[in-house]
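Work through the exercises below with the sequence and coordinates open. Each task is followed by a solution in steps.

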Amino acid sequence: MKKLVLRKQHFIVLLRSFSEWLDILGYSQSTRDNYPRYLQEFFYYLECNELHNVSLATVNTIKSYYEHLKERPNRLQAGGLSKASLNQHQQALRKFNEFLKKHGAKPIPVHLRSEEKETIKAVNVLTTSEIKALFEATEIAHPYQHLRYRDKAMLVALYSLGLRVNEAVQLNIKDILFDKELVYVRKGKNYKERFVPINNYNAEILEIYLFEGRPDFYKANQIEAFFVGSQGRRLGAQSINNRLKEIVNHASTETLKSKHITAHKLRHSIATHLLEQGAPMESIQQFLGHSSLETTQLYTHLLNKNDDYESL
């Protein structure tokens, strides 16, 4: 939130200390990026309302701020903030409270009810035919072959391995255990590590990218990241989403464009396809890295008995 410039030293110091605290405790990159941004917006709101110390925030202050969040426009897309975004703002405030308590300060009164998440059955998953069309589109989605190899490997990570986008970002070369037919996911949600099985077909796609595509990226031999960007750095989540959009635009199946494909929809899709094939719920839970079996069971609402599964 670059436009929300804080002027009070009290808030500037608190924000910097909070960011350093998250970093020291080893929170994920997304948490270290997003929570301080959300907190900065809260501090900016306090400043605008002539509250120049966090201790002056009351229950009514927090409620008024939350109503402001509900009404303000989304800065990235049309409409207001989603329920998921509102919940993340709440979580940032609660995490800030943990920080205050750990440092002997009085916490702020965050008495907010979490927004009910949209049910997973609202997610429009892809059919296996559409997944196949995406893989085929990687052959024409970019003029350079090394990027086409990376595109296809990226689809393997997001669909075939069911990785969250941040998990794909954090993959290192040494995490692909070709000899064991496993992929090590080191930075899963809630810091849960896991191993994901990989079949020969998908392993070959990753191997082609690793040995024939990846070396052509700038400074690729100087970085341990599996997915490398054009600037010789670890490929970011936004870049992955941008490439996914480009693949969709080159796909032969027109219905894909109307489904607003995201990296997470590919994860939903593989979970649904595994259920269609009768995979045990516990196995899918472990595959996806869910802490609760209840979360995995939500995918039963997405079953489509008429779709033929093809292994990708």
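Predicted model: local features only at pLDDT ≥ 70, side-chain atom pairs only at ≥ 80, totals over all residues.

**Exercise 1.** State how many helices and strands the chain has, and what share of its residues is buried.

Solution. Step one is the count of elements: the chain holds 13 helices and three strands. Step two is burial: of the 312 residues, 47% are buried. A further step looks at contacts between residues with a separation of 6 or more: 62% of these involve residues 24 or more positions apart.

**Exercise 2.** Classify the aromatic pair of Trp21 and Tyr27, and decide whether each residue is buried or exposed.

Solution. The search of the whole structure gives 16 aromatic pairs. In the pair of Trp21 and Tyr27, the ring centres are 6.3 Å apart and the planes make an angle of 40°. Stacked pairs need planes under 30 degrees apart and edge-to-face pairs over 60, so an angle of 40° leaves the class tilted. Buried means under 20% relative accessible area. Trp21 has 11% relative accessibility and therefore counts as buried. Tyr27, at 14%, is buried because of the same cut-off. Both residues also belong to a cluster linked by ring pairs, along with Phe11, Phe18, Phe42, Phe43, Tyr45, Tyr65, Phe96 and Phe99.

**Exercise 3.** Classify the aromatic pair of Tyr209 and Phe227, and find where in the chain the two residues lie.

Solution. The centre-to-centre distance is 5.7 Å and the planes are 25° apart. Planes under 30 degrees apart count as stacked, so this pair is stacked. Tyr209 lies in helix H8 (residues 200-213), and Phe227 in the loop between H8 and helix H9 (237-250). The two are 18 residues apart, and the pair links distant parts of the chain. As for burial, Tyr209 has a relative accessible area of 0% and is buried. Phe227 counts as buried at 1% relative accessibility.

**Exercise 4.** Describe how helix H11 and helix H12 pack, and which residues meet.

Solution. Two packed helices are described by the angle between their axes and the distance between the axes. For H11 (residues 263-276) and H12 (residues 281-288), the angle is about 160° and the axes are 10 Å apart. Angles over 145 degrees count as roughly antiparallel, so H11 is roughly antiparallel to H12. The crossing is right-handed. On the H11 side, the residues in contact are Arg267, Ile270, Ala271, Leu274 and Leu275. They meet Met281, Ile284, Phe287 and Leu288 of H12. Sorted by class, this contact has eight nonpolar, no polar and one charged residues.

Technical notes. Residues numbered from 1 in each chain as written. Heavy atoms only, no water. Phe/Tyr/Trp six-rings, centres within 6.5 Å; stacked < 30°, edge-to-face > 60°. Buried < 20%, exposed > 50% of the residue type's maximum accessible area, 1.4 Å probe, protein only. Helix = DSSP H or I, 4+ residues; strand = E, 2+ residues; numbered from the N terminus. Axes fitted to C-alpha atoms, helices over the stretch in contact; angles between N-to-C directions. Parallel < 35°, antiparallel > 145°, perpendicular 65-115°, else oblique. Left-handed = near helix turned anticlockwise from the far one by under 90°. Contact = heavy atoms within 4.5 Å. Nonpolar A, V, L, I, M, F, W, Y, C, P; charged D, E, K, R; others polar.
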